[in-house]
Amino acid sequence: MNGTGFFKVTRRKAERIKMNKQTEDTFNRGILLESKAQFDKAKSVYEDILHHGADETVLEKVRSRLEDMDTLIAEKAIYRRVDENAKQVLTDIGINIIGNQTLMDILMEADAIDFENETALFIPLKRDYIDHCLEQVPREMAADPGMNTFGIGATPPFLKRTGNDELRPASREEYEKIAAAVAEQQDVVGMFSLPVACDKSISLFEVAHLMAKNYQAIKMITTNTMSDEQVTFFKDKEDWVDGTSLITSLTFMNNMVDPFLRSARTGNNLLLIDQTIAGVSGPGSPESLLTQNHAQVIFMMVLAQTVNPGVFCMHCGIPSVTETGGNLSYSSPHQTFINAAMARVNTWITHFPSAQTGGSTSLSELTPRALLDSELSRNSLRKYGVHIVRHAMGALGSLNYFSLEKFAEDCERERHSKKIFDAIPKDHGMIPLYFPEDDQTLAGIREIAEKGNPKSADHTLKNVDSFRNWEETITRAAKKKPYYPQLNDIVLDSLGGPQAA
């Protein structure tokens with residue numbers, strides 16, 4: 001080969017390398033768009049790469065991503081409908097606050113109630129007022145720990161003590177040990193919520209000081225039993241959120257009205273908790289369950305913004321499922337799936353800072369299976385993408401017990417899982433959840449509200465198998481396309497089921 005031919009070959013090779021680099025950069029732009037839930041734009045990027053040709057290695061990844069784009073586009077559309085229907089619950093069905101004059105006076109003074117609505121079951125809000133209030137909710141969080149943050153805390157009533165069957169709350173001395181242990185695990189504990197009830201040897205306010213002593217990240221505590229002066233301690237503290245609630249089953253909780261309003265008026269960062277349970281306090285289908293859960297949190301946001309415009313609100317809608325006996329079932333993959341879906345409503349649609357539940361187990365004893373339940377839940381939530389997850393480490397018995405021994409084991413497993421996930425290539429894109437549609441969502445919520453009990457509603461009976469069918473869909477998809485084959489040792493084949501998705 002003469003010198004001219006050599007330079008031509010070298011130039012063509014350099015041009016191919018440059019084109020491949022440009023194609024790889026374009027593909028990475030599609031992955032970035034997916035991370036922002038802009039699936040229509042990502043699809044266009046991938047189709048453009050496919051039509052113009054590229055290195056076969058990149059084309060193979062592009063084809064893989066295009067297989068999921070329409071599914072993700074459809075899934076996002078359902079979440080957009082969940083958000084819209086949740087607002088319609090407030091405008092067309094309403095929230096039952098007629099028994100509390102304080103709440104009625106606040107909303108009437110704000111001209112928030114739609115008195116012209118003659119078909120609502122309860123007190124309906126004006127749509128423009130809902131939108132006005134939600135626009136004021138901050139979307140940024142000063143102490144935001146970031147995506148896929150797992151935390152401790154569920155306020156179980158009992159502390160599990162190794163070698164001791166006596167069940168009671170934690171004492172001052174035990175809380176000192178718990179706080180010290182959490183501080184030592186800050187590399188994996190991203191949120192420190194109140195981990196267990198305390199006995200009379202220490203007050204909640206004193207527990208808060210123990211929690212803050214050596215733990216620097218975001219912390220959560222409930223303040224409803226604290227004094228007015230103690231509640232103001234948390235004002236303007238970016239690393240604290242005040243856990244509170246107000247609504248359940250579309251009805252206000254009388255004992256929470258004054259504490260809720262006090263926290264909002266004080267200006268504390270609010271973590272707005274709603275734990276609607278499928279078939280117990282809410283509808284039985286996944287979409288209708290999310291819709292009611294979301295509606296109740298939105299109502300709390302509206303009320304908080306009414307009494308204190310601009311107050312920070314974290315969406316803590318934590319939908320839950322039950323086992324056959326009717327108890328909460330934190331070992332069920334359904335618990336993980338529905339909370340991942342609720343997280344997506346917020347990360348993809350509303351952009352409210354959010355907190356979910358997961359990483360626990362229904363088992364009451366510290367066994368290898370209990371640890372595996374928790375590990376599988378955390379890893380599945382991480383794969384689907386969540387914001388903050390409470391209850392993720394140390395809890396047993398569907399949040400009835402806290403075990404310091406389990407907490408240590410959970411942290412060690414979480415540390416191992418993080419290393420594996422951090423080493424996995426980031427070009428797999430978003431994993432579909434195959435979230436099932438329910439075109440009778442609003443009718444079902446109205447029927448349940450009219451009958452006063454989900455168990456007697458036709459909508460509930462029609463959706464008895466909805467979660468199981470959803471699980472089977474995820475299982476089939478996982479067999480066709482495993483996203484994380486590197487996790488065989490801790491996820492795939494562990495249950496032989498959908499959590500390997």
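Predicted model: local features only at pLDDT ≥ 70, side-chain atom pairs only at ≥ 80, totals over all residues.
The contact between them draws on Leu 103, Ile 106 and Leu 107 from H4, and on Phe 299, Leu 303, Thr 306 and Val 307 from H10. Sorted by class, the residues of this contact comprise six nonpolar, one polar and no charged. The axes of H4, which covers residues 101-109, and H10, which covers residues 286-307, come within 10 Å and cross at roughly 70°. Because angles of 65 to 115 degrees count as roughly perpendicular, H4 and H10 are therefore described as roughly perpendicular to each other.

The next element is a sheet. Four strands form an open sheet with mixed pairing, in the order E3-E2-E14-E13. The edges are taken by E3 and E13, each of which has a single partner strand, so one side of each is left without a neighbour in the sheet. In general, the strands of a sheet pair through backbone hydrogen bonds, in either a parallel or an antiparallel manner. Strands E2 and E3 run antiparallel and are joined by two bridges, and Arg 161 has Asn 164 in E3 as its bridge partner. Helix H13, made of residues 404-423, packs on this sheet by touching E13 and E14, and its direction makes about 65° with that of E14.

| E3 | 164-168 |
| E2 | 158-161 |
| E13 | 395-396 |

Thr 222 lies in strand E5, which spans residues 218-222. When its neighbours within four places in sequence are left aside, Thr 222 is in contact with Leu 194, Leu 204 and Gly 243. Gly 146 lies 76 residues from Thr 222 along the chain, and the C-alpha atoms of these two residues are separated by 22 Å.

Turning to the protein as a whole, the model contains 16 helices and 14 strands. Its C-alpha atoms fill a box of roughly 90 × 60 × 45 Å when the dimensions are taken along the principal axes. A compact globule of 501 residues would have a radius of gyration near 23 Å, and the protein has 24 Å, which agrees with that expectation.

How values were computed: Residues numbered from 1 in each chain as written. Heavy atoms only, no water. Axes fitted to C-alpha atoms, helices over the stretch in contact; angles between N-to-C directions. Parallel < 35°, antiparallel > 145°, perpendicular 65-115°, else oblique. Contact = heavy atoms within 4.5 Å. Nonpolar A, V, L, I, M, F, W, Y, C, P; charged D, E, K, R; others polar. Pairing = 2+ DSSP bridges. Rg over C-alpha atoms; globule rule 2.2 N^0.38 Å.
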